[in-house]
Amino acid sequence: MAQSIIEIRGVSKSFGNVSVLRDVNFSIAKGEVFTLLGPSGCGKSTTLRIIAGLEDATAGEVILNGRTVYSSDKRINLPPEKRNMGMVFQSYAIWPHMTVAENVAYPLTLRKLSRAVIAERVMAALRLVDLEAQADRDAPKLSGGQQQRVALARALVYEPEVLLLDEPLSNLDVKLREQMRYELKVLQERLGLTLIYVTHDQAEALSLSNRIALMSQGQVEQIGVPDELYDRPKTEFVRDFLGKTVTIPGRVGAAEGGSARIALGNGAGDLLWTPPPGVAIPAPGSEIKIAIRPERIALSATKAGRENCLAGKIETVLYQGDRTECAVRVGNDLITIYGPPEARTMRDQNVTLVLAPEALTLWPK
Amino acid sequence: MAEIALAHPSGSRASRLFELRTVLFTIVMLLTIFLVLYPVLLIAVYSFDVGESRGTFEFGLGSWRYALSDPTMLGAIVNSLKLLVSIHGIALPIAVVIAWVLARTDIPYRHGLEFMFWISFFLPSLSVTLGWIMCLDPEYGLFNTAIKMLPFVDEGPFNIYSFWGIVWAHLGGNSIALKVMLLTPTFRNIDASLEEASRVAGAGRTKTVLRIIVPAMMPALIAIILMAMIRAMQSFEVELVLGPPFQFYIYSTMVYSLISQEPPRFAAASALATLGLAAILPLIFMQRKLSLRRQYTTLTGKLQTQPVRLGIWRLPIFLGVLLIVLLLTVIPLIFVALASVMKLLGFFHIEDAYTFSHWISVFSDPMFLNATWNTLIMATGAGLFSVVLFSLIAYFIVRTKFRARALLDFISWLPFAVPGLLFGLGLLYVFLETPFFRPLYGSMFLLILATVVSSMTLGTQIIKSNMMQLGQELEEASRIAGASWITTFVRVVLPIMIPVLLLVGVMNFIGATRDVASVALIATAQTKTLALIQLDYMVDGRYETAAVVSLVVVFMSTGVAIVARLFGLRIGIRN
């Protein structure tokens, strides 16, 4: 891995007996987009604020570019203004008593640069976020999306080593959010920025990040590149937090070559499961759950007679324009899958579900 | 690399900043203890001093025995309670109805009426009382003389110098106006969907009011009743003018008369004052508890239900509310103005009945000019000092994690409950009995301190609630951008707070100009303010002269309030 710019070592935080972070470790490379993802209250924002110096950890170390900025053992605690990081807040935190340009110039005036240099760099930063024309407007008069850009320009103008973003898009409406997500990605790649991004929105995390740390109850559940988390989740929490999952209880049957036949508990038949490399087949007779993403289940009108096909009957159809969401009765279970738009009129029809063999995963019951 | 970080022990700089903050906090903490807690404590201590000469403390329970057994002392406390019940028993129902009409019906000129109540709140109650004396004095009150002109009537029916006269003066003062100002927004902010859900569920309008609106308003009503009770214990000047002519004392005027007699009976006054404080303390705890809880149950809603149509009652109800608000504002002021330009009020047919001689003599009186100057110094000083002190107190309570900030919060609440006259008494002890501070006695500085303390609760609360709304992220963004704590406070917090600080400053200026109770005991002949000489004139029965001074006070308090409002300051009170 390239040289790491931020390292978090054994960071914990607790209020009295309540532990909000437990032994968080990760390191982030220069130019990387690293996302802290998780439900609200999982500790992702606290982690970010500890990196920024806005909150103190109870234990652990934060190392920025090889320099310890926080260490509970060595009693080092650099205040936020000495860490040279940039941050974009959920509320944007645009100072209402300043114009757009004054907001962006503020960090530079603190660094005692000459007036000419400040003016030049402010305009450059505003150009970056396409707000040159608004430079002299009062900041509170801008729209939410524009305030968001001001916050970004203000955080970038002094070229911080790391840019921290705390749910930066969550206050925007859906259309604007998607557009800003795209612009942020383009900007990050163009400037080679290192981002630490906090969000609870999985689509945002999957589309923006180089790597994701998925957190739950103050702990990191799994760190990895987006498709690793999505396709090879290590825990049920990761599996269920990212996307949807269909699970069917079953029992491991006889081994067939490198695969195992799984008898489904709902009486709908059986499936052939091939373990990924390095994973052992559980002992025959083990009670397990078999899981698959709904988009890896195809809908077929005719019984194909192939492996990993299940017969079912469509009970409910929700039409969604580009696709349908069908609840299919398979044995005793109701399974939700995505069908083509044409399935809109297929209520009460008997169908065959084709499950991609490589997409099946096995979980303890 | 970690060694480099150690070589620049980064914690030291942070802790130095931390120290600066700690030093400031300690100063503010000690100052508030000295200004608020210490005077109150001294009152209690001196109630046990039975020494004859000043400067020597001699312990004894004589004053307490006196305070607890003398019938006039006990009578004063009973009178306080009787007045409280009578005034607020009448004012509350009237205010609830008016507030509901203003907030929820299609009454015409709603904003104009509300503005009049706002004015009424800012009128000095002494001026309003003066107006009513002109009308209801048993001898020559204009209403009485008018009625005496009727056949078979030898005696006017009204007497302002009576229990009900005092009640009337209070109703005309701000007992009603304050409640209307507090209740109207509360009625208006009830989430319309609560009402609509009830209507849709099948309840009629009356049933909805009784079963949804009234219960939803209950916490607000109780809070306002408590607030009214606490404020009622503070009333002083109206009773001081109207009470003594018929030997009627409440506990604050009794404390005052014990101290202003020769020789002053400090110990007895202190014992009585301590009793009063003990009576108020439970109220302040209840009030605090309620107001803390209310933060979670405030009723807010953007949507409004359609106003209730008054139908044919629209005009009569409008006229009724208009009459009430005129009685609170314009009518008493008209008579004050009339008195100021009449040779003798009520004598319309004598030679030169109308004259500016009172104006001329008052404006050429050195005492008046001195008092005007004093008032300006005091009000300006109070405005400036309070802004600095209150914003620091608010900042420490809202934004820091010092343990002692809970105590600071409590101290900032105390002045709301402790009557201004008692604070004056306490400060008197601090400055008379402590040799180090004695030279300050008799200076305007003392009066400034007294008025600052008396407005501490409201001012701090306003700044506090605005700071809470400010959102921590604005400050955090500044820290991240590279600014220290103090730079952030100066360049981000203060500029954003400027309108609020201005508001608090102006409110304290206004409060100081009309304040009587907190300065009555500590002003000397040289440091009397306009409100105090107005009081002197009224007690002496020189009503025409008092009227002139009164109008100047109205101009400086209510006038400033109106000007500030024109400039967009949202001056007022919030619960």
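Predicted model: local features only at pLDDT ≥ 70, side-chain atom pairs only at ≥ 80, totals over all residues.

Reply: Two strands count as paired if DSSP finds at least two bridges between them.

Strand β5 (residues 67–71) of chain A pairs with β6(A) in the antiparallel sense, over 2 bridges. Within β6(A), A:N77 is the bridge partner of A:Y70. Both strands belong to an open sheet of 5 strands in chain A, with the order β2-β1-β4-β5-β6 and antiparallel pairing. Its edge strands are β2 (18–29) and β6 (76–77) of chain A, each of which pairs on one side only.

With strand β20 (residues 350–355) of chain A, the pairing is antiparallel over 5 bridges. With strand β18 (residues 324–330) of chain A, β17(A) pairs in the antiparallel sense over 6 bridges. A:K313 takes part in both pairings: its bridge partner in β20(A) is A:N350, and its bridge partner in β18(A) is A:R329. The hairpin of β17(A) and β18(A) has 4 residues between the strands, and there A:G321 takes a positive phi near 90°.

As for the chain that holds these strands, the secondary structure of chain A comes to 8 helices and 21 strands. The domain assignment divides chain A into domain 1 (4–241) and domain 2 (246–364). The C-alpha centres of these two domains of chain A lie 40 Å apart. Taken along the principal axes, the C-alpha atoms of chain A fill a box of roughly 75 × 50 × 35 Å. Chain A has 365 residues, of which 40% are buried. Of the contacts in chain A between residues at least 6 apart in sequence, 63% join residues at least 24 apart.

Among the helices of chain A, α3 (residues 115–128) can be followed in detail. Helix α3(A) has 14 residues and reaches 20 Å from its first C-alpha to its last, close to the 20 Å expected at 1.5 Å a residue. Its buried residues are A:I118, A:V122, A:A125 and A:L126. They lie on the same side of α3(A), because they cover an arc of only 95° around the axis. What covers these buried residues includes α2 (100–110) and α4 (144–156) of chain A. On the other side of α3(A), A:A116, A:V117 and A:R127 are exposed. Just after α3(A), A:D130 takes a positive phi of about 65°.

Chain B has a secondary structure of 25 helices and 0 strands. Buried residues are 44% of the 575 residues in chain B. For contacts in chain B with a separation of 6 or more, residues 24 or more positions apart account for 77%.

The two chains touch: 22 residues of chain B are in contact with 28 residues of chain A. On the side of chain B that touches chain A, the elements giving two or more residues are α1 (2–7), α2 (10–46), α22 (472–480) and α23 (485–514) of chain B. The largest share of that side, 6 residues, comes from α22(B). By residue class, the side of chain B that touches chain A divides into 14 nonpolar, 5 polar and 3 charged.

Methods:
Residues numbered from 1 in each chain as written. Chains lettered and ligands numbered in written order. Expected span 1.5 Å × (residues − 1). Buried ≥ 20, exposed ≤ 12 C-beta atoms within 10 Å, placed from the backbone. Arc of directions from axis to C-beta. Contact = placed C-beta atoms within 7 Å. Nonpolar A, V, L, I, M, F, W, Y, C, P; charged D, E, K, R; others polar. Domains from an automatic or database assignment.
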